[in-house]
Amino acid sequence: MSESDGKHPLPEDEQSEAAAASKEEAGEPAQTERGDNPRREGADRPRWGGLSAKLLLLTVLFVMLSEVMIYVPSIANFRNNWLNQRLTTAGVAATVLVETNTVTQRLQEELLNSTGAVAISLDEGSRRRLIAISPTPLTIDSTADMSAMSPQRAIAESFAVLLSDGAGLMRVVGLSQMGAGVRVDMVLPEKLLRDDMLAFSVRILGLSIFISAITATLVYFSLRWLFLRPMQRLTTSMARFAEAPDDASRIIVPSRRRDEIGDAESRLASMQETLKETLGQQRHLADLGLAVSKINHDLRNLLASAQLFSESLESIPDPTAKRLAPKIIAALDRAIGYTQSVLAYGRTKEAPPERRLVRLNRVVEDVGDILGLTGHEAIQFDNLVVAGIEVDADPEQLFRVLMNLVRNAMQALEAKSDPALVCRISVEGEREGGVVVIRVSDTGPGIPDRIRQSLFQPFQASTKRGGTGLGLAIAAELVRAHGGVIRHVDRPGPGTTFEIVLPDRAVDIGEWRERSRRLQAS
């Protein structure tokens with residue numbers, strides 16, 4: 001088998017494209033012709049468009065809203081006090097004048113001037129006395145009975161006066177303070193009340209603005225110190241880290257705060273540390289893909305030569321050679337196929353599975369033969385798959401999944417050379433309706449707790465010296481491509497167990513799991 005057979009490497013330009021694709025997939029930013037940095041877009045915002053200005057504006061707004069809510073009952077109370085005060089003044093003066101019988105024209109004018117009224121009378125129940133009246137024609141526009149004034153009515157009438165032009169007259173009736181059953185009835189210009197209410201409103205407005213300014217300033221600087229400055233520190237740290245995520249000095253140092261801001265700083269620092277490590281691993285993976293693409297040509301030629309030599313073994317009359325030659329050729333075919341898919345894997349991902357009906361026990365036997373577990377001196381290999389079970393899967397990808405799992409178990413058992421230890425690997429398989437469940441178990445030391453959360457991530461799950469941590473990641477990707485799931489199963493006793501669930505093409509794995517849960521619950 002030679003290069004003329006169509007199994008030649010990709011040219012150098014395609015190797016460069018594969019390396020670039022790998023780096024792009026690893027998360028490295030692409031270079032633009034102008035060298036623009038998209039991370040800087042929107043970093044500089046107008047000063048008055050930030051949270052500080054919005055916080056100041058909202059604080060002033062809420063304080064003014066509170067003052068408005070206070071102003072409504074206050075203006076009604078001011079109106080009631082203003083009218084009651086004039087009723088009291090007029091009632092006392094009118095009662096004294098009546099009892100002393102000194103109601104002269106001059107005293108009437110003085111009484112009207114002091115109260116601002118245009119007419120004052122006393123109502124004693126059985127009789128009514130006119131105490132003072134101005135020559136101005138009286139046309140009353142409204143009446144206010146202070147002895148039966150509810151808060152809601154006082155508010156409504158107060159705003160009615162404020163919104164009027166103040167040109168009319170209003171009649172005010174109330175009890176006198178000088179005698180039981182005596183009522184004071186007086187007529188007042190609305191303008192007097194409206195002018196005093198407007199002056200009161202101006203004073204309230206000025207006080208509200210003063211209080212709002214002080215309150216807003218105190219709240220603004222307090223919240224800025226408690227929240228805005230720490231948030232600005234977080235955003236600044238994120239921007240600096242985004243410019244150079246591989247620089248450890250740009251990782252935020254959490255403060256000693258014990259509140260939500262401190263928790264956010266700690267989580268940001270942890271996330272930045274994780275991103276830094278992940279970026280380094282992805283770059284390492286990209287460099288690894290570039291290196292593999294360079295040696296792929298020579299490796300494939302060596303494998304092709306080995307395949308030619310192995311084919312000559314079939315002509316040897318030795319029965320052992322005849323029995324082993326097909327297995328060696330099949331193994332070399334798989335290895336050559338893997339080298340051909342290296343660049344394609346670096347560019348995108350695994351090819352979609354070409355699913356067929358596969359005899360599961362035969363695939364497990366091939367895995368044992370390739371790994372040399374059949375007849376192994378120290379490790380017992382048990383193929384417990386029930387004969388006749390068929391799997392709807394890509395045979396080559398299913399072989400790779402099982403080989404990765406069994407090889408990991410084999411390496412874990414070979415790490416301990418004590419002959420007293422029980423070394424056993426077993427593969428079980430059973431069909432449950434439209435899915436096939438496969439379990440790969442061993443009697444090894446198990447998986448440490450520190451790597452259980454990252455079992456199926458590249459370069460994360462290796463526990464042996466020199467391991468790459470890619471076996472489980474590749475197995476998980478191939479299983480997901482079939483619509484299945486792979487997981488680590490906690491079982492009582494020593495060892496490790498992985499469970500694979502492969503659904504038939506017409507079966508939805510999520511619906512199957514939900515149905516299984518309902519059956520177990522019933």
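Accessible areas here come from the Shrake-Rupley method with a 1.4 Å probe. For this predicted model, the accessible surface of the chain comes to about 31,200 Å², and 56% of that area belongs to carbon and sulfur atoms. Of the 522 residues of the chain, 36% count as buried. The secondary structure consists of 12 helices and 12 strands. Among contacts with a separation of 6 or more, 69% are accounted for by residues 24 or more positions apart.

Two sheets can be described in turn, beginning with the one that contains β1. This open sheet is formed by 5 strands in the order β2-β1-β5-β4-β3, and its pairing is mixed. The edges are taken by β2 (128-133) and β3 (140-145); each has a single partner strand, so one side of each is left without a neighbour in the sheet. On average, neighbouring strands of this sheet are turned by 20° against each other, direction ignored. Strand β1 (residues 119-123) pairs with β2 in the antiparallel sense over 5 bridges, and within this pair of strands D123 stands opposite R128 in β2. A helix accompanies these strands: α3 (residues 105-115) lies across β1, β2 and β5 (183-189), running at about 80° to β2.

The other sheet is also described as open, with 5 strands in the order β7-β9-β10-β12-β11 and mixed pairing. Here β7 (380-383) and β11 stand at the edges, and because each has a single partner strand, one side of each is left without a neighbour in the sheet. The twist averages 15° from one strand to the next. Helix α9 (residues 360-370) lies across β7, β9 and β10 (435-442), with a direction at about 165° to β7.

Attention now turns to helix α11. This helix (residues 471-481) is mostly covered, with 8 of its 11 residues buried. The buried positions are G471, L472, A473, I474, A475, A476, L478 and V479. Their packing partners are α10 (395-414) together with β11 (485-489) and β12 (496-503), and these two strands sit side by side in the order β7-β9-β10-β12-β11. Just after α11, G483 takes a positive phi of about 80°.

Note on methods
Residues numbered from 1 in each chain as written. Predicted model: local features only at pLDDT ≥ 70, side-chain atom pairs only at ≥ 80, totals over all residues. Heavy atoms only, no water. Buried < 20%, exposed > 50% of the residue type's maximum accessible area, 1.4 Å probe, protein only. Helix = DSSP H or I, 4+ residues; strand = E, 2+ residues; numbered from the N terminus. Contact = heavy atoms within 4.5 Å. Pairing = 2+ DSSP bridges. Axes fitted to C-alpha atoms, helices over the stretch in contact; angles between N-to-C directions.
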